[in-house]
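Okay everyone, thanks for coming.

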Amino acid sequence: MFVLEITYTASADRVEAALPEHLVWVDDHFANGVFLASGPKNPRDGGVILALGDDRARIEEMLASDPFVVAGVGDYTITEFLATRTAPALADYRQQRP
């Protein structure tokens with residue numbers, strides 16, 4: 001599993017201009033089962049996405065297509081982790097230690 005944290009690197013006006021396309025991109029990844037949760041940070045200097053996957057290279061490739069990245073308004077930090085404990089509603093996503 002991955003925590004994807006984007007930090008805005010451009011003015012709020014440029015971020016807002018890219019937001020509609022970014023939200024379509026996010027919705028597409030919810031629909032294909034990759035994203036579990038997402039939303040803006042508080043204060044609103046970026047956002048966070050919780051994503052499923054076990055291939056960092058595929059995650060990096062996917063993030064390169066984010067309209068925020070394409071427009072040059074944000075940079076991602078990727079943190080991979082094992083979700084060995086979850087709330088009951090997320091039990092299907094629990095991972096085993098290697």
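Predicted model: local features only at pLDDT ≥ 70, side-chain atom pairs only at ≥ 80, totals over all residues.

**Starting from a histidine**

Let's begin with His22: leaving out residues up to four places away in sequence, His22 touches Asp66, Pro67, Phe68 and Tyr76, where contact means heavy atoms within 4.5 Å. Residues are numbered from 1 along each chain as its sequence is written, and side-chain values use heavy atoms, with hydrogens and water left out.

So where does His22 sit? It lies in helix α1, residues 12–31. Helices here are DSSP runs of H or I, at least four residues, strands are runs of E, at least two, and both are numbered from the N terminus. His22 counts as buried because its relative accessibility is 9%; buried means under 20% relative accessible area, exposed over 50%, and partly exposed in between, with a 1.4 Å probe and protein chains only.

His29 is in helix α1 too. With 12% relative accessibility, His29 also counts as buried. Which residues does His29 contact, leaving aside neighbours within four places in sequence? Those are Val34, Phe35 and Met62.

Now let's zoom out. The protein has 3 helices and 4 strands, and along the sequence they run β-α-β-β-α-α-β. The radius of gyration is 14 Å, close to the 13 Å from the globule rule for 98 residues, so the protein is as compact as a globular protein of that length. That radius is taken over C-alpha atoms, and the rule is 2.2 Å times the number of residues to the power 0.38. Along the principal axes, the C-alpha atoms fill a box of roughly 45 × 25 × 20 Å.

Take the contacts between residues at least 6 apart in sequence: 67% of them join residues at least 24 apart.

Last, the annotation. UniProt, in an unreviewed entry, places "domain: YCII-related" at residues 1–81; the positions use the numbering here, feature names are shortened, and annotations may be inferred rather than shown by experiment. Over residues 1–81, the chain is 41% helix and 32% strand, and the end C-alpha atoms are 6 Å apart.
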